[in-house]
Amino acid sequence: MDPLSPTALVVTGRVTRAGVPRLCAELEAILAASRAAVVDCDVGGIERSDLAAVEAIARLSLVARRADRRLRLRGVSPELQSLLDLLGLADVVGLAVGE
């Protein structure tokens with residue numbers, strides 16, 4: 001795979017704190033299989049924008065950074081955007097421009 005070409009992780013359904021380690025493991029597998037500098041994380045299918053979803057995004061961002069990669073969020077709902085803004089994480093996690 002081209003190191004400049006992003007890969008993707010899709011997060012759908014209800015995100016729970018118990019499910020965060022599985023999402024992180026899925027991202028780690030994607031990172032291990034790819035040399036892409038950026039991983040697109042499509043969060044448009046998240047059913048409920050709550051603190052569990054924000055925690056998942058923050059932890060996924062950390063996993064990507066530890067691998068010297070960047071997570072770019074796509075499909076961010078207005079509710080999730082508001083939570084990220086409120087918690088001061090909008091500038092920390094990579095929001096795709098115009099999403």
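Trainee: What places Leu86 in helix α3?

Mentor: Helix α3 covers residues 78–86, and Leu86 falls in that run. Helices are DSSP runs of H or I with at least four residues, strands are runs of E with at least two, and both are numbered from the N terminus. This is a predicted model, in which local features need pLDDT of at least 70 and side-chain atom pairs count only at pLDDT 80 or more, while totals for chains, interfaces and linings use all residues. Residues are numbered from 1 along each chain as its sequence is written, and side-chain values use heavy atoms, leaving out hydrogens and water.

Trainee: Why does Leu86 count as exposed?

Mentor: Exposed means over 50% relative accessible area, buried under 20%, and partly exposed in between (1.4 Å probe, protein chains only). Leu86 has 69% relative accessibility, so Leu86 counts as exposed.

Trainee: Why is Ser49 called partly exposed?

Mentor: Ser49 has 25% relative accessibility, and therefore counts as partly exposed. Ser49 is found in the loop between β2 (38–46) and α2 (51–66).

Trainee: What makes the pair Ser49 and Ser77 a polar contact?

Mentor: A polar contact needs a pair of N or O atoms within 3.5 Å; within protein, one must be able to donate a hydrogen and the other to accept it, and residues adjacent in sequence count only if both atoms are side-chain atoms. The side chains of Ser49 and Ser77 are joined at 3.2 Å.

Trainee: Why is Asp68 called exposed?

Mentor: Asp68 has a relative accessible area of 70%, so Asp68 is exposed. Asp68 is found in the loop between α2 and β3 (70–74). Phi of Asp68 is positive, near 60°, and the residue is not glycine.
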